[in-house]
Amino acid sequence: MTSLLSSKFEAAKEAWAARRARYASRLRPASTVSGLPLKTVYTREDVTGSDLDVMPGVYPFTRGLHPDGYALTPWMQQMVFGYGTIEETRQKMEKMVAEGMEGYFGHKVFNTVYDVPCMYGIDADHPEAVGNIGQCGVHMSTGDDYDELVRDWELDSTNFSMITGDNCLPALALLAAAVERRGEPTAKMHGNSMNWYPRIAVQDVPSWEPQWGYALMIDLIKWAKENAPDWNPVNIFMYGLSEAGATPVQELAYGLSWGKSVIDAGLEAGLAPDDFIGRLSFQIGCTVNVFEEAAKFRAHRRMWAKLCKDAGVTKPSHMHARVHVHTSGYVLTQQQLMNNNARITLQTLAAVLGGVQSIHTCSYDEAVGVPTEESHRTALRTQQILMWESGLRDVADPLGGSYFLEKLTDDMEAEAWKIFDDLEAAGGYRRGIETGEVKRSIDNASYEMKKKINSGETPIVGVNRYVSDEQENYEPFRIDESIEDKARTRLENYRAKRDQAAVDAALVDVRRACQALKDGTGPLMPALVEAARRGATNGEMMVPMREAFGWYVSE
């Protein structure tokens, strides 16, 4: 039988070669966004080295984390939003929930991005906050703000993702204090602290010096392990690498090296592998190259599982690469805005075919500003159409076994391991922050991409192909400048009603705890939680932290 099949295949190959011989010389070489060469046809000869005897839900999880994919429950719809004060943001979140945004088994999800002043740890009355309060995210700095965030939501079935910056620890402390004021234990908290400190490798933002950035990250992990065991304390921000210009293979390699740096830091701090690695999660970008992206997610699961196993993880579920996809913003164009809906749909399709756990779909107008009500709803509906009308949920890993996708998955993994191994040999991701190696490499990739777009080698419809001079009718979201006065008034009222002496004493304890963390003699998070209980604000807690841990810009 094998010989019969082989001869049939060889005959088919000969016929195929004969058919294309007359034009084959005119075919131009093709490659993926990452530069991996592509053929026009793939056969079983391309997968002779592939491990095809794998099932979904089984190590190394190439075909997905769960045995039946999305059949039991679909992916989480986690739309990111943040604007104005918590009142404006909460209204929008409630509306999105009413529109059908939900997580696993109908759970509520709040994926809230903070404004720039909060991320850098300054309150609304700080002079440098002027012009930035509530503009590109929500301004939340007081206990009142967090009380409003959690008001009336069932903590057992509501997921709060807090897209903070360097205020990651104070934000979690403020949330914990708000939960306690409801009379409930912090153990009921569900959600994510982004803990994106290592993003400074690619983003020109000031942050903690590397040794303290990792120390703070581990301090949060330890607090969550003891006090909020269902909380996800670290999100590995591969999306940030992608948005900085990394190719999909670079995103894969550097993201996994970032993850390994967190694992290494935890193990060095004495944590047991099964006590924290299973709580790490990922946020990954997704471009419009459907097959490369689907292969990236498959390779990512396989590589992360191996890293976890090598680190000593024993429980299979703790080797899961749990992925939230943020469709890539950098592929959206200002020209011919509505075209972006097609791009967002392709990105979402790639993410679903890749088997991810959660998706945020960008709005078509994000290339020009804050999404409007209509564009935000359309982005959510894009997910819901794919979820309920396309049939994508019915079969786990529907591209599994495809000659092309299996080969591409293998090729992406092999190329990513090369970059990963080189970086590890040079000291790892944390060292890459200090030397700037990661940033230089990604900057170079971004520059090459830009040159290809400018030259037309990479076609972008509406930008270098099918350009139109027609004026588009679009009414952008209008920012309400009075938001800033409202935030300052909320802050003033909050301070007026608290016990200032208790706040001052708590901040002295925070300063003392910062030094203890630096000395390796004690944690910081308990002091921050106590300060939040007594009424300290986000900005007030960040002052002693900045004094203790410095301020650093990666170059």
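Q: What am I looking at?
A: It's a predicted model: local features need pLDDT of at least 70, side-chain atom pairs count only at 80 or more, and totals for chains, interfaces and linings use all residues. Residues are numbered from 1 along each chain as its sequence is written, and side-chain values use heavy atoms, without hydrogens or water.

Q: What's the strand order in the open sheet?
A: Its five strands run E4-E5-E6-E7-E9, with parallel pairing (strands are DSSP runs of at least two residues, helices, H or I, of at least four, numbered from the N terminus; pairing takes at least two bridges).

Q: Which strands stand at the edges?
A: E4 (80–81) and E9 (231–232). Each has a single partner strand, so one side of each has no neighbour in the sheet.

Q: How many bridges are there between E4 and E5?
A: Two, in the parallel sense, with E5 covering residues 108–113. Phe81 sits opposite Thr112 in E5.

Q: And which helix packs on the sheet there?
A: H2 (residues 86–98), touching E4 and E5 (contact means heavy atoms within 4.5 Å). H2's direction makes about 145 degrees with that of E5 (angles run from 0 to 180 degrees between N-to-C directions, with axes fitted to C-alpha atoms, for helices over the stretch in contact).

Q: New topic: how do H4 and H16 pack?
A: H4 (residues 143–150) and H16 (residues 483–497) cross at about 110 degrees, with axes 9 Å apart.

Q: Which residues meet?
A: Gly143, Asp144 and Asp145 from H4 meet Arg490, Tyr494 and Lys497 from H16.
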